Amino acid sequence: MIYYEPGWQSVLSRWIGTVWPEIMAQVICFLIYVLCAYAVIIHLGHDLVHQGHSLLGHTVSYFMVFRANVSYQRYWLGRTNVTDFFLTIRDLMSWLCIMLEGGEATRRQRWWREKGRMTRSQFTEMMDAHDYYCSESRANIVRWCVAFAVTFKMYIRMAADGYINEAITPATKWALEFDRARLRGLLSPSEFHVVDNTLGFQDKSGDAESLWMNYTKNVAIDNYIDEIARDPERDTTDGDGVYNMDPTPRARPPVILVYYLHEELFRNLNDARLLDKPYGFKERFGAFFTQKLFHVLTLYDLVNQTICTPTPLPYVNMCRTLLAVYLLLTPFSIQLELGWYANTVVPTLVAVSLLGLDQISTELENPFGDDPNDLDMLDEVGMVEHEAMFLLQMCGDKLAREHYVWKPMPEFVQAQSARPLPCYLAIRSQVDPTGPGPVLFDKYPIRKPVAVEHLIESSGDEEDGTDGGSESS
């Protein structure tokens, strides 16, 4: 997305992001066509039949303006869905960080805010197993929410070209390679393997695939990103300049991340009868969180619908057919008595307005991707990362915060956003220069299985005793 000052000079001096790069060739061709037609009519010495051309122009203008209005509505619908998507992600992270009960240290840290928070050493000394379980769940929820935002950006980056046209350009390919590396820094090797296999890449040749395979064998993530940054638009294809994608229906990465989040919710669901997970959130809040995740999936599908549902072809075909006919019939509107300006310059300006309106409609129909006027999703993902770390800080979970580290953002990725993005988030154990560690979070104890059968028996004994007491009384 291009941010600009509203002044005339700032707007008129723009080239990138305007319609001129797309329509300039057509305008030049039309100008040459009109000049030739004007010269021919001067040679003939009389006008051609020009009645009715203005009426056709009115009809074409109506069609073009109506299409532009529809495209503008689609643009703002996409903007609204994206805003709602990231708002729901933030709200979900905030609620989950708060609703996890934890142990004694977590409760004291939460309720002693007015008395001043505990120091890091005091909090660590007071932590019990429930605090560690709660902290681990927060760390997982944060990384999966951030990874969800990253996969959302990945999907809309390649959905239109990759899954509809079945091919992506080298620039998109290497931007996706960085997204894969970024995603790898947030997931374990097994989790990343599941998510990565759903992308549908068919590029199995060249140095890119070997580079990625070496990276997954414990080569530092920085080496791979540096390799991409050296030439983010290099072409490793066989010469056709595109990378093929597999459009076969399959589970997409955002859906897999929602499954992981559902799984983490279930792991921390405290049964109201058994109380088997006192560190988790109460069972009655489970429906609230599942509704949040359902809403996120709904917004993902709405964005996917905008990308995969273009303006109906019959309408676009009619608009462009009438526009082409109107421009080709321009010589029939030439009147020699009006002079060269009215017969050449004015029709060219009319062509500029109509061709420009057609191009604007095309730009606004799909506001997702990496074009200059598309929505800035990298900025939104960066905001989610910083807010996730802020939420961990606010809830006092310094242990979970220590498992994350900021990595410098490559310059070619920063250039894709209108705002500064100096860094991105990763898990410390997965971007260690010595290679990814065997576990994501090495400071948490292994969770012990809850003896549910014992809890059921104990609960049954208590109920029997209560019933027996009431009967004897």
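Predicted model: local features only at pLDDT ≥ 70, side-chain atom pairs only at ≥ 80, totals over all residues.
I searched the whole structure for salt bridges and got 20; one counts when a side-chain nitrogen of Lys or Arg is within 4 Å of a carboxyl oxygen of Asp or Glu. Residues are numbered from 1 along each chain as its sequence is written, and side-chain values use heavy atoms, with hydrogens and water left out.

**Overview.** I looked up the secondary structure and found 18 helices and six strands in the chain. Helices (H or I, at least four residues) and strands (E, at least two) are DSSP runs, numbered from the N terminus. Of the 473 residues, 46% count as buried. Buried means under 20% relative accessible area, exposed over 50%, and partly exposed in between (1.4 Å probe, protein chains only). The accessible surface of the chain is about 24100 Å², with 61% of that belonging to carbon and sulfur atoms; these areas come from the Shrake-Rupley method with a 1.4 Å probe, and for residues only the protein chains shown count as cover. I also checked contacts (heavy atoms within 4.5 Å): among those between residues at least 6 apart in sequence, 78% join residues at least 24 apart.

**Salt bridges, one by one.** I started with Asp-358 and Arg-67, whose side chains meet at 2.4 Å, N to O. Asp-358 sits in helix H14 and Arg-67 in helix H3, so this pair ties together parts 291 residues apart in sequence. Both Asp-358 and Arg-67 are buried. I followed the links from there and got a network of salt bridges made of Arg-67, Arg-320, Asp-358 and Glu-365.

Next I took Glu-191 and Arg-143, a salt bridge at 2.8 Å, N to O. Glu-191 is in helix H8 (residues 189–196) and Arg-143 in helix H6, 48 residues apart, so I have this down as a link between distant parts of the chain. Buried or exposed, I wondered about Arg-143? Arg-143 is buried, with a relative accessible area of 2%, and Glu-191 is buried at 11%.

Lys-173 and Glu-177 form a salt bridge at 2.8 Å, N to O, with both residues in helix H7 (residues 170–184), four residues apart, about one turn of the helix. I have Lys-173 and Glu-177 both down as buried.

**Helix H12.** H12 (residues 286–308) has 23 residues and reaches 33 Å from first C-alpha to last, close to the 33 Å expected at 1.5 Å a residue; the expected span is 1.5 Å times one less than the number of residues. Its buried residues include Phe-289, Lys-292, Tyr-300 and Asn-304. I asked what covers the buried residues of H12; helices H3 (53–99), H6 (129–164), H11 (253–267) and H14 (339–365) are among the cover, along with strands S3 (269–270) and S4 (281–282). Leu-302, also in H12, is partly exposed at 31% relative accessible area.

**Strands S5 and S6.** I found five of the five residues of S6 (residues 423–427) buried. Cys-423, Leu-425 and Ile-427 point one way, Tyr-424 and Ala-426 the other. S6 pairs with S5 (residues 404–408) in the antiparallel sense over five bridges; pairing takes at least two DSSP bridges between two strands. I noted Leu-425 of S6 as the bridge partner of Trp-406.
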